[in-house]
Amino acid sequence: MACPAAAYAHGVTAGDKGYIMETFGTRIVPFMYLGAKHMVTGYDHLLFLVGVIFYLYRLKDIGVYVTLFALGHSITLLAGVLMGVHVNAYLIDAVIGASVIYKALDNLELFSRGLRYQPDPRTATMLFGLVHGLGLATKMLDFELAKDGLMANLLAFNVGVEIGQFLALCVILIAMSFWRRSATFARYATAANVLLLLSGAALVVYQLNGYFTRSPA
């Protein structure tokens, strides 16, 4: 709240932006680095992943949900850039914030208890993965990527995103594993998901404010 510019989760640093706009030809390693950096620093993605794995204890289940998210993310990232699908970045990021809200509500069991309707969590994870990828594709299109080496660079960027997701997930899982062994987990799990909910709501409000006040007429 004190640094509202930082809430623009899909922002790209000036140095990275300049490199993306000026580079040409196939650049596998640099684009892999940029993809990994985006995921590790993309706290909206990380908040969603925290919500997804919060109550998942088996590695098999975690693998299924993370794979669905990665698949959706990859499809819209690649297709969005190659097909030139451009959506207002503020609206996309608002939906990403809403995905964090959804997962917090799901963890709090407000759907099953309050609405008596439980959205399929796997389908929801896949759909929100599609939205997350579209948000990144929209940013990439703004940089007018060179056609030379475009496909290879996009694939490298996407591989980097998945590497970054894996690294971030490892850290999250280690932290969650230690916390779950503590008595404080049962005591504060609900509070943690309420905080997750409020974080998602703050992202939505910020992005909608940006859409109505900063988007070109």
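**Surface patch, helices and salt bridges**

Modeller: Leu82, Met83, Val85, Met151 and Leu155 make up a nonpolar surface patch with about 460 Å² of accessible area together. This is a predicted model, in which local features need pLDDT of at least 70 and side-chain atom pairs count only at pLDDT 80 or more, while totals for chains, interfaces and linings use all residues. Residues are numbered from 1 along each chain as its sequence is written, and side-chain values use heavy atoms, with hydrogens and water left out.

Biologist: Which helices each supply at least two residues of the nonpolar patch?

Modeller: Patch members have over 30% relative accessible area and no salt bridge; nonpolar side chains (Val, Leu, Ile, Met, Phe, Trp, Tyr) are joined within 5 Å, like charges within 9 Å. Areas come from the Shrake-Rupley method with a 1.4 Å probe, and for residues only the protein chains shown count as cover. Helices are DSSP runs (H or I, at least four residues), numbered from the N terminus. The helices that each supply at least two patch residues are α4 (59–83) and α8 (150–180).

Biologist: Where does Val85 lie, and what is its relative accessible area?

Modeller: Val85 sits in the loop between α4 and α5 (89–107). Buried means under 20% relative accessible area, exposed over 50%, and partly exposed in between (1.4 Å probe, protein chains only). Val85 is partly exposed, at 33%.

Biologist: How are α4 and α8 oriented, roughly parallel or roughly antiparallel?

Modeller: Their axes, lines fitted to C-alpha atoms over the stretch in contact, are compared by N-to-C direction on a scale from 0 to 180 degrees. The axes of α4 and α8 come within 11 Å and cross at roughly 155 degrees. Because angles over 145 degrees count as roughly antiparallel, α4 and α8 are roughly antiparallel.

Biologist: How many salt bridges does the structure hold?

Modeller: A salt bridge is a side-chain nitrogen of Lys or Arg within 4 Å of a carboxyl oxygen of Asp or Glu. Asp61 and Arg58 meet in one at 3.1 Å, N to O, and Asp106 pairs with Lys103 at 2.7 Å between the closest N and O atoms. The structure holds 2.

Biologist: Which helix holds both Asp106 and Lys103?

Modeller: Asp106 is buried at 12% relative accessible area, and Lys103 is buried at 6%. The two lie 3 residues apart, about one turn of the helix, in α5.

Note on methods: Parallel < 35°, antiparallel > 145°, perpendicular 65-115°, else oblique.
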